[in-house]
Amino acid sequence: MAPNLRLNAVAFISAQNHPILIRTFSKQDENAIKYHYIAHTSLDVIEERASSKSSECYLGLLYSMEDVAVYGYITPLKVKIVIAAALTDAVVRDVDLNMIFKALHMAYYSAISNPFLVLQDPASAVHDSSRPLLAGSPKWKHLRRRIDEIAKIVGNSSNTSTGG
């Protein structure tokens with residue numbers, strides 16, 4: 001893994017562009033809305049790259065802004081995973097990021113493979129069958145725990161995690 005890589009946030013976005021889970025790793029809660037914005041602004045870049053790179057899941061560096069580098073990944077079922085990493089002068093290798101994305105993808109796959117997880121919000125199932133569970137729902141606690149473990153392995157120096 002890259003020794004200087006520090007995850008600021010991880011976002012999972014459904015194929016319909018609904019946020020599934022946005023997990024932030026910062027001490028300040030006011031940054032949480034920043035990472036929601038970053039996740040949503042990355043969707044256009046992801047759609048553009050996914051249309052040109054149809055066979056590859058890892059999309060690479062999407063863009064950088066202020067102190068954050070944003071990387072993207074799209075699963076075969078069109079679930080988008082976005083990583084916001086602290087921008088540093090150190091070289092971040094694509095191989096390291098691809099391994100992180102694959103670990104996050106497997107964590108998501110493991111979470112949705114739970115036969116007791118209801119993927120649709122029962123209250124909205126009558127009105128809108130495509131509406132997934134709300135981001136940050138307690139149903140995703142296993143996924144949040146796995147994301148936290150991956151962030152610690154990557155080298156996240158902050159032990160505080162907030163968000164969905």
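Mentor: I shall take β4 as the part to examine, but begin with a residue of the core. Leaving aside neighbours within four places in sequence, Leu-104 is in contact with Val-10, Phe-12, Ile-81, Ile-83, Ile-147 and Ile-150. Leu-104 is also among the residues with the most contacts inside the largest nonpolar core, which has 28 residues. The elements that give two or more residues to this core include β4 (68–74), β5 (80–86) and α2 (94–112), and α2 supplies the largest share, 7 residues. A second, separate core of 18 residues includes Ile-74 and Val-82.

β4 itself is mostly covered, with 7 of its 7 residues buried. Val-68, Val-70, Gly-72 and Ile-74 point one way from the strand, while Ala-69, Tyr-71 and Tyr-73 point the other way.

Two strands pair with β4. On one side of the account is β3 (residues 58–65), which runs antiparallel to β4 and is joined to it by 6 bridges; Tyr-63 has Val-70 as its bridge partner in β4. The hairpin of β3 and β4 has 2 residues between the strands, and Glu-66 in the turn has a positive phi of about 50 degrees. The other strand is β5, also antiparallel, with 7 bridges to β4; Tyr-73 has Ile-81 as its bridge partner there. In this hairpin 5 residues lie between the strands, and Lys-78 in the turn has a positive phi of about 70 degrees.

The model is predicted. The mean pLDDT of the chain is 79, and 75% of its residues reach 70 or more.

Conventions: Residues numbered from 1 in each chain as written. Predicted model: local features only at pLDDT ≥ 70, side-chain atom pairs only at ≥ 80, totals over all residues. Heavy atoms only, no water. pLDDT = per-residue confidence, 0-100. Core = buried A, V, L, I, M, F, W, Y, C linked by side-chain atoms within 4.5 Å. Buried < 20%, exposed > 50% of the residue type's maximum accessible area, 1.4 Å probe, protein only. Helix = DSSP H or I, 4+ residues; strand = E, 2+ residues; numbered from the N terminus. Contact = heavy atoms within 4.5 Å. Pairing = 2+ DSSP bridges.
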